[in-house]
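Grab a pencil and work through these exercises with the structure open beside you. Try each task on your own before you read its solution.

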Amino acid sequence: MGRDDDAAAPADCLTLVMPLKARAGMTRHDFYEYWLNAHVTLPARFPGISSIFLHCVSFDESDVTWPQLPGVSHRPPAEDEFEGVPEATFVTMEGLAEFQAASKVQMDDGINFLQELIAYASIADHTQTVSDHTETPAPDGHDSFVRHLLFLRRRDDVSVKDFRSFVADTLAPAIAASPDVLKVRRHLFEEVETTLDHPGVRQSRPLNRQYQAAIEAAIQDQAALDRFKTGNEWADLKGQVTTHCEAVHAARVSRCITTKFQGTITLAGVRGVAVADVIRRFGADSQLDDEVSALFLHTPTHVLVETAERH
């Protein structure tokens with residue numbers, strides 16, 4: 001995955017970043033209950049998919065603390081807001097095809113909790129982890145970092161080539177260069193096409209409402225983000241961001257949870273997030289045995305349990 005602390009990790013040929021909008025009339029609480037405890041136990045079980053990261057997000061002004069810029073849209077209209085962003089990686093296109101062939105029950109489940117899923121595709125090294133000092137490459141949702149997902153829309157007078165160059169060669173590295181930033185992972189998107197077909201769920205939108213890139217930024221705490229806002233790295237970027245970006249829609253990430261990591265399913269992927277949380281809270285180590293996990297899987301399979309130090 002290009003992390004600077006794991007050179008042996010397999011390179012991904014495709015990354016999908018998929019904003020999810022809850023089904024009409026569904027409360028945010030019910031959306032998370034279903035997504036994190038019913039739906040997420042499906043995709044991690046299927047072959048072909050390498051890693052799955054789940055981001056619970058909010059655009060509420062009280063949650064988002066990323067710096068705003070005059071003349072740059074900082075929040076989407078209400079009809080374009082979303083509540084969750086899964087990120088899925090595939091090492092090969094054959095793996096994607098294998099996943100598509102096996103995952104019909106997952107696709108059919110989308111209509112139970114979604115009204116929209118937009119699958120943004122980032123090909124090969126268009127996704128890159130620029131830096132990662134979090135020591136948690138497979139987060140379990142319990143760290144206290146201040147995380148944002150920045151969804152970027154280019155200005156009409158900026159070419160795709162120039163926009164991608166700005167994001168990949170200037171914006172992401174400059175954010176990562178700040179001593180207050182722990183992690184930066186960036187994606188350069190293709191125009192939206194239907195990759196994972198969820199019947200009854202809207203899966204496209206007009207070009208002028210699509211994004212062309214996204215950046216994940218994790219910072220130690222709010223004090224560190226406040227220092228970043230007044231630091232040289234951001235000060236030097238402001239004018240260039242305004243020139244290149246029509247929108248920087250910052251979504252605050254309340255939790256980042258891994259359900260599969262480099263081919264290995266996690267506890268949350270097997271049992272759902274709520275059950276994984278309970279097992280961790282009670283220190284129920286017997287529930288982590290491979291024999292227990294095998295009861296929930298087709299064949300005996302080792303379940304990844306993240307043991308990195310919590311922050």
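Predicted model: local features only at pLDDT ≥ 70, side-chain atom pairs only at ≥ 80, totals over all residues.

**Exercise 1. Find which elements each supply at least two residues of the lining of the second largest pocket.**

Step 1. On a 1 Å grid over the protein atoms alone, a pocket is an open set of points with protein on both sides within 12 Å along at least five of seven lines, and lining residues have an atom within 4 Å of a point. Helices (H or I, at least four residues) and strands (E, at least two) are DSSP runs, numbered from the N terminus.

Step 2. Read off the elements: strand E1 (14-17), helix H2 (93-102) and strand E6 (120-123) each give at least two lining residues.

Step 3. Look at the middle. The lining has 14 residues, and Leu-14, Ala-121, Ile-123, Glu-193 and Thr-195 lie nearest the centre.

Residues are numbered from 1 along each chain as its sequence is written, and side-chain values use heavy atoms, with hydrogens and water left out.

**Exercise 2. Work out how the buried residues of H2 are arranged around its axis.**

Step 1. Pick out the buried ones (under 20% relative accessible area; exposed is over 50%, partly exposed in between, with a 1.4 Å probe and protein chains only). In H2, they are Gly-95, Leu-96 and Phe-99.

Step 2. Look down the axis. The buried residues of H2 fall within an arc of 100°, so they line one face of the helix. The arc is that of the directions from the helix axis to the C-beta atoms.

Step 3. Recall the general rule: an α-helix has 3.6 residues a turn, so residues three or four places apart point the same way.

Step 4. Check the other side of H2, where Glu-94 and Ala-101 are exposed.

**Exercise 3. Describe the largest pocket: its volume, its lining and its residue classes.**

Step 1. The volume is about 310 Å³.

Step 2. There are 16 lining residues, with Arg-154, Val-160, Glu-191, Leu-207 and Gln-212 nearest the centre. Strand E8 (146-154) and helix H4 (160-177) are the elements that give two or more of them, and H4 gives the most, with three.

Step 3. Sorted by class, you get five nonpolar, three polar and eight charged residues.

**Exercise 4. Which residues form salt bridges with Asp-80?**

Step 1. Start with the idea: side chains of opposite charge can pair when their charged atoms come close. A salt bridge is a side-chain nitrogen of Lys or Arg within 4 Å of a carboxyl oxygen of Asp or Glu. The whole structure has 17.

Step 2. Arg-205 is one partner of Asp-80, with the closest N and O atoms 3.5 Å apart. The two sit 125 residues apart, Arg-205 in the loop between strand E9 (181-188) and strand E10 (213-219), Asp-80 in the loop between strand E3 (51-58) and strand E4 (84-90). Both are buried.

Step 3. Arg-209 is another partner, at 2.5 Å between the closest N and O atoms. This pair is 129 residues apart in the chain. Arg-209 counts as partly exposed because its relative accessibility is 29%, whereas Asp-80, at 4%, counts as buried.

**Exercise 5. Find which parts of the chain the pair Arg-280 and Asp-140 ties together.**

Step 1. Their side chains meet in a salt bridge of 3.4 Å, N to O.

Step 2. Arg-280 lies in helix H8 (residues 273-282) and Asp-140 in the loop between strand E7 (127-132) and E8, so the pair ties together parts 140 residues apart in sequence.

Step 3. Arg-280 is partly exposed, at 24% relative accessible area, while Asp-140 is buried, at 11%.

Notes
1 Å grid on protein atoms, 1.4 Å probe; cavity = no way out; pocket = protein on both sides within 12 Å on 5 of 7 lines; lining within 4 Å. Points joined across faces, edges and corners; volume = space filled by probe spheres on them. Nonpolar A, V, L, I, M, F, W, Y, C, P; charged D, E, K, R; others polar.
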